[in-house]
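Thanks for coming, everyone. I'd like to walk you through one structure today. Please have a look at it before I start.

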Amino acid sequence: MPEPRRRARKHSGELAGAFVARRHQLRMTQAELALLAGVGRSTVQALEAGKDTVQLDGAVAVAEALGCEITLLTRAGSPVPPLGPI
């Protein structure tokens, strides 16, 4: 059986940096962002630290509180359209 392909997660730092930059742009503290997003401050800290264990719903809530959205892209950089209602 072939081994699964493992790659370094090089994009988590970019995502973390984007969250930090947007929060600073809005002049918010981590605590204020957490309150606005309805998540714990530890979730904001984990996202901004680039942790791989943050739950997707927490990341989406923080992105929305920052006035952003998380978009799935192909490796070529094209957005993947949502499936719609299931």
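Let me begin with burial. Buried means under 20% relative accessible area, exposed means over 50%, and partly exposed is in between, with a 1.4 Å probe and protein chains only. By that rule, 23% of the 86 residues of the protein chain count as buried.

Now the ground rules. This is a predicted model: local features need pLDDT of at least 70, side-chain atom pairs count only at pLDDT 80 or more, and totals for chains, interfaces and linings use all residues. Residues are numbered from 1 along each chain as its sequence is written, and side-chain values use heavy atoms, with hydrogens and water left out.

Next, the overall layout. The protein chain has 4 helices and 0 strands. Helices (H or I, at least four residues) and strands (E, at least two) are DSSP runs, numbered from the N terminus. The order from the N terminus is α-α-α-α. Take contacts, meaning heavy atoms within 4.5 Å. Among those between residues at least 6 apart in sequence, 44% join residues at least 24 apart.

What about the core? A nonpolar core is a set of buried Ala, Val, Leu, Ile, Met, Phe, Trp, Tyr and Cys residues joined through side-chain atoms within 4.5 Å. The largest one here has 13 residues. Among those with the most contacts inside it are Phe19, Leu33, Leu47 and Val62. H2, H3 (41-48) and H4 each supply at least two residues of this core. H4 gives the largest share, 5 residues. As a general point, nonpolar side chains in soluble globular proteins tend to be buried together.

Stay with H3. Which of its residues are buried? They are Val44, Ala46, Leu47 and Glu48. Their cover includes H1, H2 and H4. Leu47 is in contact with Ala16, Phe19, Val54, Gly58, Ala59 and Val62, leaving aside neighbours within four places in sequence. After H3 comes Gly50, with a positive phi near 75°.

Now to charge. How many salt bridges does the structure hold? It holds 1. A salt bridge is a side-chain nitrogen of Lys or Arg within 4 Å of a carboxyl oxygen of Asp or Glu. Here the side chains of Arg23 and Glu48 meet, at 2.5 Å from N to O. The pair links distant parts of the chain: Arg23 sits in H1 (residues 12-25), Glu48 in H3, 25 residues apart. Are these two buried or exposed? Arg23 is buried, because its relative accessible area is 9%. Glu48 counts as buried because its relative accessibility is 14%.

Gln30 lies in H2 (residues 30-37). At 16% relative accessible area, Gln30 is buried. Beyond its neighbours within four places in sequence, Gln30 is in contact with Arg23, Arg41, Val44, Gln45 and Glu48. The side chains of Gln30 and Arg41 are joined by a polar contact of 3.5 Å. A polar contact is a pair of N or O atoms within 3.5 Å; within protein, one must be able to donate a hydrogen and the other to accept it, and residues adjacent in sequence count only if both atoms are side-chain atoms.

Last stop, Leu56. Leu56 is placed in H4 (residues 56-65). Leu56 counts as exposed because its relative accessibility is 62%.

That's my tour. Thank you.
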